[in-house]
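User: I am new to this structure and would be grateful for a guided discussion of its strands, its charged pairs and its surface.

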Amino acid sequence: MSKSAALIELSEKERGELEGLSRRRRTAQGLAQRAQIVLLAADGLQNKAIADRTGAVENTVGKWRRRFAEKRLDGLLDEPRPGRPREIGDDEIAETVRLTLETIPKGATHWSLRSMAEAVDHAPSTIHRIWRAFGLQPHRVESFKLSTDPLFVEKVRDIVGLYMAPPEHALVLCVDEKSQIQALDRSQPVLPMRPGQTERRSHDYTRHGVTSLFAALDIATGRIIGKCYRRHRSQEFRRFLDEIEAAVPKNLDIHLIMDNYATHKTKTIRNWLAKRPRWRVHLTPTSASWINQIERFFANLTERQIRRGVHRSTRQLEAAIKDYIETVNADPKPFRWTKSADDILASIKRFCFATLQIADKQVKIARTSESGH
């Protein structure tokens, strides 16, 4: 008979520390997972359910559950291992992490292994181990943009509602255009892949014109309605809407999800839509293209057909795009939307609060630095 799982009861202080470890970005991944295991155990979950939620093995869940029951928070730390003792102390490690997070080197925008090693007088390999343990990557940077749309919340709830619970007797279409797709040919022949060597191509290219793809994604089936035009004005967009109108059975309503691009809001388009009561428009928030599922299709198209394609004319490029759409439609697979509107808004709220806290901290550091001068 298997051993019964250790009962976990947390004080408010312990729960707060565990939640901090599980969320803090600089917490080592293993320690964050252990904290999450204990939190779920305290909520009454069995080891198997915890393993499913955290991605850990069931025996591992049981191990850290028992360790916490015996030694509390200290039980989540790795036990000392045999071997050469480390040459850098806890205080030096903490100072290295602080310097990495709160300062920048003179004459540079971010720390490198060598510049930090020189600053703290330790080997670059030691700095690498510290950064790896705390999940620090000063050489990397990611970009973000928050929507300033005053109706952001309402639009997110509207569109995500269509994804999670599509209306009956209706077709939900995500529509947009991928404009200015270039027909590119390499200046020298492409050298094909062979054993031990990747495909090689010259870095320079020759342009042979551009085309624009108007596309609509049926969220229920994953099928694509697509058409290429040499320009992307409201006239072309209206002609593309005619293509959709002809392709959709008359007994179905059409819910159109699209962005606020000027081409979509001209008088011609507004008049066209006003004459067709079965069409209902849902505008995405500004600077929130991620909510339109057609962008995922465009990303796949770019990755699998356009980026490495060799096209000596716009006609060849358009034929390649048409071939890709036909391939997708031969075995369509819808994208699966998993996050509810509440999940998305809660995530953005956490990000905003974290950003404000970091901004406040940077301001305080800057003021302290100025007063020091």
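User: Which residue in β5 is the bridge partner of H255?

Analyst: In this predicted model, strand β4 covers residues 253–258 and strand β5 covers residues 279–283. The two strands run parallel and are joined by five bridges. Within this pairing, the partner of H255 in β5 is R280.

User: Where is T266 found, and is T266 buried, partly exposed or exposed?

Analyst: T266 is found in the loop between β4 and α10. The C-alpha atom of T266 is separated by 6.8 Å from that of S234, although the two residues are 32 apart along the chain. Because its relative accessible area is 23%, T266 counts as partly exposed.

User: Which residue in β4 is the bridge partner of A170?

Analyst: Strand β1, residues 170–186, also pairs with β4. These strands run parallel, with five bridges between them. The partner of A170 in β4 is D253.

User: What is the order of the strands in the open sheet, and which are the edge strands?

Analyst: The open sheet has five strands with mixed pairing, in the order β3-β2-β1-β4-β5. Two strands pair on one side only, and these edge strands are β3 (224–229) and β5.

User: What is the average twist from one strand to the next?

Analyst: The twist is taken between one strand and the next in this five-stranded open sheet. Its average is 25 degrees.

User: How many salt bridges does the structure hold?

Analyst: Side chains of opposite charge can pair when their charged atoms come close. Some of the charged residues here form a network of salt bridges, in which E95, R98 and E102 are linked. For the structure, the number of salt bridges is 17.

User: How many residues apart are R157 and D342, whose side chains meet in a salt bridge?

Analyst: The N to O distance in this salt bridge is 2.8 Å. R157 counts as partly exposed because its relative accessibility is 41%, and D342 is likewise partly exposed at 48%. The pair links distant parts of the chain, with R157 in helix α8 and D342 in helix α13 (residues 341–372), and the separation is 185 residues.

User: Is E236, the salt-bridge partner of R239, buried or exposed?

Analyst: The side chains of R239 and E236 meet at 4.0 Å, N to O. Both residues lie in helix α9 (residues 234–247), three residues apart, which is about one turn of the helix. R239 is partly exposed at 41% relative accessibility. Because the relative accessibility of E236 is 4%, and under 20% is the cut-off, E236 counts as buried.

User: Which residue meets D331 in a salt bridge?

Analyst: The N to O distance in this salt bridge is 2.7 Å.

User: Which residues make the nonpolar surface patch of about 280 Å²?

Analyst: One member, F144, is placed in the loop between α7 (124–133) and α8 (152–164). F144 counts as exposed because its relative accessibility is 54%. The patch is made by F144, L146 and F351.

Notes:
Residues are numbered from 1 along each chain as its sequence is written. This is a predicted model: local features need pLDDT of at least 70, side-chain atom pairs count only at pLDDT 80 or more; totals for chains, interfaces and linings use all residues. Side-chain values use heavy atoms; hydrogens and water are left out. Patches are made of residues with over 30% relative accessible area and no salt bridge: like charges are joined within 9 Å, nonpolar side chains (Val, Leu, Ile, Met, Phe, Trp, Tyr) within 5 Å. Accessible areas come from the Shrake-Rupley method with a 1.4 Å probe; for residues, only the protein chains shown count as cover. Helices (H or I, at least four residues) and strands (E, at least two) are DSSP runs, numbered from the N terminus. Buried means under 20% relative accessible area, exposed over 50%, partly exposed in between (1.4 Å probe, protein chains only). Two strands pair if DSSP finds at least two bridges between them. Axes are lines fitted to C-alpha atoms, for helices over the stretch in contact, and angles run from 0 to 180 degrees between N-to-C directions.
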